[in-house]
Structures are given as structure tokens and as C-alpha cells.
Amino acid sequence: MKTEKLHKVLASRGLGSRREMERWIQAGRVVVDGRVATLGQRITEVENVVVDGQELAPQKSTPPRMLLMNKRVGTIVSTAPTDNLVSVFDELPALSGSRWVSVGRLDVNTSGLLLFVNDGLLAHRLMHPSTGIDREYAVRVEGKLEEVGIQRLKDGVLIDGEIGRFSDIRYYNGHGSNHWYHVVLLEGRNREVRLLFASQGVKVSRLKRVRFGPVVLPSSLRRGQLMELRSDDVRRICDLL
């Protein structure tokens with residue numbers, strides 16, 4: 001019978017990160033078949049797992065749930081409390097027996113498409129570079145790029161000791177000092193879009209994520225609104241992975 005490491009199983013149920021689950025096991029919070037679990041322990045699908053006195057429900061055959069949010073500027077993607085900023089997690093529906101995990105992050109000044117799933121393993125796969133899932137952003141900048149600058153951003157520029165590049169960049173429209181571009185990234189490192197444009201002497205004044213892989217931000221979804229993807233759509237996304 002197939003076995004899997006216990007901390008990975010717990011993380012896949014959305015209880016926390018793999019590292020956090022390792023700490024829970026070390027702290028004696030997890031019991032398998034009546035015995036306190038040990039770090040590195042492997043389990044099958046038939047063991048009885050209890051976490052903090054609550055039995056871990058069997059893995060459901062139904063696909064995980066996935067929420068899509070049109071994030072507002074001024075909100076943070078963090079569960080840590082703050083005095084003057086609203087967390088996007090405060091706006092999510094309650095879950096029983098698991099938690100919502102954000103698929104990547106958007107900084108406080110970035111708006112647009114943000115995904116949440118109740119399956120930690122699915123979130124990890126969606127974010128991992130090996131899956132080849134890209135992200136598309138609509139970007140308003142102060143100024144306009146020359147063709148040579150566009151080519152540099154495709155070829156790659158050095159930022160903080162690492163090469164960053166857009167897999168695609170297209171001019172959209174604009175007038176005066178404000179111009180819109182659509183750009184595509186295969187990875188979304190912190191502030192990468194802003195830093196890439198800054199390397200060519202233009203400043204980003206507005207940034208909005210409009211697509212994450214096959215999921216496109218609906219034009220009908222207003223800022224701050226949520227919608228849940230249909231189970232068939234979630235299943236197709238899982239099949240892609």
C-alpha cells in the first residue's frame with residue numbers, strides 16, 4: 001500500500017505548511033493509531049490520525065474548493081493581525097476542518113486576481129515553477145518604453161543578483177504620460193514587475209493581476225468581490241497539474 005510522509009499529508013489538508021506540520025509532530029500534537037507520531041513517519045490511507053484531539057477526516061474524492069477574489073488595493077495577503085490594514089482572509093467564508101490557503105500573494109498596492117484553495121498540496125503545485133503556470137498583469141506606467149527596452153525586459157535584466165524577465169510584454173494603450181502594458185511572468189517574485197519596469201527608467205503607477213494560468217479575472221467581478229469556481233472547473237485545473 002502506498003505510503004506518504006505524515007507532515008506532507010497534514011499540509012495537503014490545509015492545516016499549515018510542511019515545516020509547520022513538522023513542528024506540530026515534534027510537539028506531540030499528532031497521534032497515529034493511538035501512538036504519538038514521530039518526525040519522518042510515513043502513513044497509508046488506512047491509519048487513524050488525530051490532531052489536537054480531533055480525528056482527521058478521510059480524504060474526500062470530491063475536488064477541492066477554489067475561490068477567486070478581485071483583490072482591492074490597500075488589503076494585505078496575510079493572516080497576521082495589523083492595526084490599519086484589512087486582510088483578505090477576513091473576507092473569506094468560514095471552513096470546517098481545514099483552512100483557506102492563498103495561491104501566491106499580491107502586495108498591498110497591487111489589485112486583481114487572487115486564488116484561494118482549501119488544499120495545501122494543490123496550492124503548492126499551482127505556485128511551483130516546475131508546473132510552468134504563468135501570470136499575466138495589466139500595468140500602467142509613467143512614461144513609455146522604447147523597443148530596445150521592451151527587448152531587454154524579454155531577454156532578462158539583473159535585479160538584486162538574479163535575472164528577471166517577462167516571457168511576454170505587449171503595449172496596450174495610453175496617452176500623455178500614462179501608458180498600459182500587459183506582461184507575463186512564469187514566476188512572481190516579490191515586486192518583480194515594478195522592479196523590471198524601474199530597470200528601464202519607468203515607474204509603475206498601477207498594477208493588476210488579470211490571469212493566473214488558465215484562470216482569468218472575470219470583468220463582471222467587482223473590486224473586493226469573491227466567487228467560487230465550479231467543481232468541474234477545479235477538476236480541470238487539477239488535471240492540468
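A residue is called buried here if its relative accessible area is under 20%, exposed if over 50%, and partly exposed in between (1.4 Å probe, protein chains only). The model is predicted, so local features need pLDDT of at least 70 and side-chain atom pairs count only at pLDDT 80 or more, whereas totals for chains, interfaces and linings use all residues. Residues are numbered from 1 along each chain as its sequence is written, and side-chain values use heavy atoms, with hydrogens and water left out.

Select strand β12, residues 135–142, where six of the eight residues are buried; strands (E, at least two residues) and helices (H or I, at least four) are DSSP runs numbered from the N terminus. With β16 this strand pairs in the antiparallel sense over eight bridges, pairing being assigned if DSSP finds at least two bridges between two strands. Eight bridges also join β12 to the antiparallel strand β17, residues 203–212. Now pick R135, whose bridge partner in β16 is L185 and which stands opposite F212 in β17.

Just after α4, G156 takes a positive phi of about 115°.

Finally, select T44, in the loop between β4 and β5, which counts as buried because its relative accessibility is 17%. A polar contact of 2.6 Å joins its side chain to that of E47; such a contact is a pair of N or O atoms within 3.5 Å, where within protein one must be able to donate a hydrogen and the other to accept it, and residues adjacent in sequence count only if both atoms are side-chain atoms.
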